[in-house]
Amino acid sequence: MGKRKVAALEKIEADLAGLQYKIRKDPEAYEKEFIENWQQFDAAHEKFLAAPVGADSNSLITFREHIDLIAHCAELYPQITASFPAALKDVLTKHHAVLEPTLREKIVSSLTLLRRKDVIDSNYLLTTLFPILISTPSKSLRMVLYQKILSDIRNTNTKTTNHRVNRTMQTVLYNLVTSDRSSPKALWAVKLVRELWRRQIWSDAKTVDIMRQACLADNEKVIIGSVRFFLGGDREREEFEDESSDEETVDIKKVKHLIEINKKTKKAKKALDRAVDRAKKQERKKNSPHPLNFSALHLLQDPQGFSENLFEKHLQNSKSKLSLETKLLVLQLVTRLVGLHRLTIISLYSWFIKHLSPRQQSASSFLASLAQGTHNLVPPDAIEPLIQKIANEFVSEASASEVCSAGLNAIREICARQPLAMNETLLQDLVEYRKSKDKGVMMAAKGLLSLYREKGANMLRKKDRGKDATIGLKSGDLKQLRYGEEQAGEIEGLELLAKWKEEQRKRKRAERGLPEDGDDGEKGEGEDEDEEDSDEWEVASMDSSDSGEWIRVSDSEDEAEPEPDVKRQKVDSEDRKESDKENGEEDTTDFVKLATTQILTPADLAKLRELRMEANIDKAMGNRKRKQEMEARHVDEGLTAEQIEAPAKLRKSTKEERIALAREGKPDREEHKSTQAIRKSKKEAEGKSTTNKEKARKKNFMMTLGKAKSKQKRSLVATRNILKNHIDRSKSGGRRRNGIAR
């Protein structure tokens with residue numbers, strides 16, 4: 001076979017690759033050759049600028065190879081290649097629309113390589129690539145530029161946050177969004193910001209401000225992307241964090257085991273080192289302090305003005321051409337902001353009136369938005385007509401069960417946030433639906449009833465209040481807050497800690513033989529008995545002077561007529577009420593004393609967490625009354641249409657749904673595997689070995705033939721001895737005597 005002829009271009013390529021290797025090994029020795037190649041690049045550059053469209057393929061290939069060589073060696077000759085980045089930028093900026101795709105990609109990758117070698121800084125690269133990203137018609141180039149810009153910002157902020165680069169890029173994106181509201185170019189700013197927020201590279205107020213401006217754009221795609229950022233950006237960030245933590249999970253024991261049983265190679269050793277490094281990195285990440293990742297909704301500078309602008313521009317404006325789905329997204333964002341920051345937009349509630357109808361498309365989404373846009377500072381007069389409209393349109397015996405349950409659920413969610421918006425007559429009518437035969441309607445009505453047993457039991461009939469609410473109303477513990485009234489802030493579960501401390505104090509006093517209700521500062525029996533007696537006498541005299549019994553004793557001493565039994569009973573009941581009231585005041589005093597006079601130690605905080613967990617378990621098991629559950633829900637997460645329609649899921653499932661539920665978590669029927677086969681495939685997937693019995697079963701027949709022949713030749717005595725030894729071994733735990741002390 002003859003020697004293959006090498007083309008001239010292949011020779012050039014091979015020569016340049018070899019020259020690049022030699023230059024990197026000894027830059028001084030090959031400086032002359034590099035200068036010659038630089039001059040060739042300069043000539044090719046001038047030739048290309050003279051005719052960028054009509055250049056032949058051979059000259060373009062030569063030009064591309066010289067760009068590659070100089071980009072890899074530019075940092076070794078900084079004075080010679082000082083004009084190289086500017087030349088590449090000039091070619092890419094002016095002629096990116098007509099450049100050959102391969103050459104265009106080579107110029108972009110060369111600029112990125114120069115950035116990695118610190119020949120150019122990040123600002124230079126980003127300000128070069130981003131204007132091309134938003135102006136080029138080529139889809140492939142846009143994807144390449146997007147990935148390069150994203151990776152450069154990520155690499156710049158890897159070790160420490162580069163505020164200078166971030167500020168420059170954020171200013172560019174902000175100007176892009178605000179310069180032309182109707183331009184689709186702002187969509188790239190939205191994409192970049194969402195991805196950088198998801199990766200937790202940008203998480204400051206400036207980033208949120210860019211998306212705030214994007215929400216007020218005129219282009220529908222830009223509006224959808226920016227609104228989804230506020231509604232789901234934090235959830236995306238959490239999911240990305242979970243994915244990254246799952247990817248880093250490495251089983252070092254498994255890697256070590258594979259290395260031990262396999263052939264020892266350098267590749268396997270490197271794999272073990274990488275696994276150890278990743279495990280150490282994961283451990284450092286686990287032990288490092290968690291960063292304060294504020295929600296985008298909390299970082300808004302002027303939520304009131306932003307909500308009003310959004311509502312007036314996209315919802316209230318009759319000239320708005322947004323689709324219904326986009327309007328629902330904007331409405332969800334506006335109501336989330338109103339509910340979260342407790343804003344006041346009175347015109348929002350009157351706007352809802354025309355959309356509260358079962359015939360309205362996506363009616364449950366409108367109901368959910370109305371519920372999450374309600375809070376305790378909204379005037380009840382603004383909400384009451386809406387509740388009346390929902391009750392008239394959705395809740396009736398003629399309505400379908402799904403419609404009725406959705407209406408009752410919406411009313412319950414609204415009233416959980418503003419209980420004063422409900423009037424007594426309507427509430428008593430709605431509560432009667434708990435006798436409905438449909439399970440969804442019945443549960444929705446019972447939910448409304450249980451809510452008002454906690455929030456406003458005095459609005460219910462006496463027979464509907466229940467035991468706890470009736471006792472709470474009589475004792476005065478259950479009070480309905482007035483409009484604008486706020487509950488005093490407190491540490492959750494602190495009353496449980498106060499009660500536990502009081503029980504511990506009483507138990508310790510009982511163990512020492514002291515009275516439970518006494519003071520911890522009391523002295524022992526043998527110390528100053530007279531002083532102790534006088535103290536007890538003083539306490540007794542004070543108690544007797546305050547009680548009603550002392551008055552009756554004085555009357556009997558003056559030989560007055562004895563009181564009738566009815567009066568005595570009345571006095572006794574009053575005493576009991578007073579004593580109950582005093583006990584309640586003592587509990588409150590203990591709680592307030594613990595909150596204001598003591599510093600909680602780490603042990604106290606640990607016990608507080610434990611008591612809180614026990615209380616939550618009791619509540620989940622139904623042992624304790626539900627407390628402020630409806631109010632605490634959806635404050636930060638928002639309310640969805642699925643949660644409004646939840647009782648509709650209580651209907652009987654179809655045959656197809658039951659079959660799908662039965663098949664969940666089971667292997668496909670096409671495989672027809674036995675349980676043992678499934679177990680075996682699972683073992684193989686996990687990289688585990690087989691048992692000795694399975695290995696013996698798979699052994700080659702010729703290898704077992706000798707043992708089989710020797711068994712046939714054994715005498716009866718030899719067989720008996722072998723079986724006897726086998727029995728002894730099995731009794732003593734096998735050949736290794738497992739479990740038997742030697």
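The model is predicted, with local features needing pLDDT of at least 70 and side-chain atom pairs counting only at pLDDT 80 or more, while totals for chains, interfaces and linings use all residues. Residues are numbered from 1 along each chain as its sequence is written, and side-chain values use heavy atoms, with hydrogens and water left out.

Me: At what angle do helix H4 and helix H5 pack?
Reply: Helices here are DSSP runs of H or I with at least four residues, numbered from the N terminus, and H4 covers residues 84–95 while H5 covers residues 101–116. Axes are lines fitted to C-alpha atoms over the stretch in contact, and angles run from 0 to 180 degrees between N-to-C directions. With their axes 10 Å apart, the two helices pack at an angle of about 145°.

Me: How do the residues of the contact of H4 with H5 divide into nonpolar, polar and charged?
Reply: Contact means heavy atoms within 4.5 Å, and on this basis Phe84, Pro85, Leu88, Val91 and Leu92 in H4 meet Arg104, Ile107, Val108, Ser110, Leu111 and Leu114 in H5. Ala, Val, Leu, Ile, Met, Phe, Trp, Tyr, Cys and Pro count as nonpolar, Asp, Glu, Lys and Arg as charged, and the others, Gly among them, as polar. The division is therefore nine nonpolar, one polar and one charged.

Me: How many residues apart in sequence are the parts that the pair of phenylalanine 41 and phenylalanine 84 ties together?
Reply: Rings of Phe, Tyr and Trp (its six-membered ring) pair if their centres lie within 6.5 Å, and planes under 30 degrees apart count as stacked, over 60 as edge-to-face and the rest as tilted. Phenylalanine 41 and phenylalanine 84 form an edge-to-face pair, 5.4 Å centre to centre with 65° between the planes. Because phenylalanine 41 lies in helix H2 (residues 31–50) and phenylalanine 84 in helix H4, the parts tied together are 43 residues apart in sequence.

Me: Is serine 369 buried or exposed?
Reply: Serine 369 has its place in helix H17 (residues 363–372), and, leaving aside its neighbours within four places in sequence, serine 369 is in contact with Leu331, Gln332, Thr335 and Phe352. Buried means under 20% relative accessible area, exposed over 50% and partly exposed in between, with a 1.4 Å probe and protein chains only. As the relative accessible area of serine 369 is 4%, the residue is buried.
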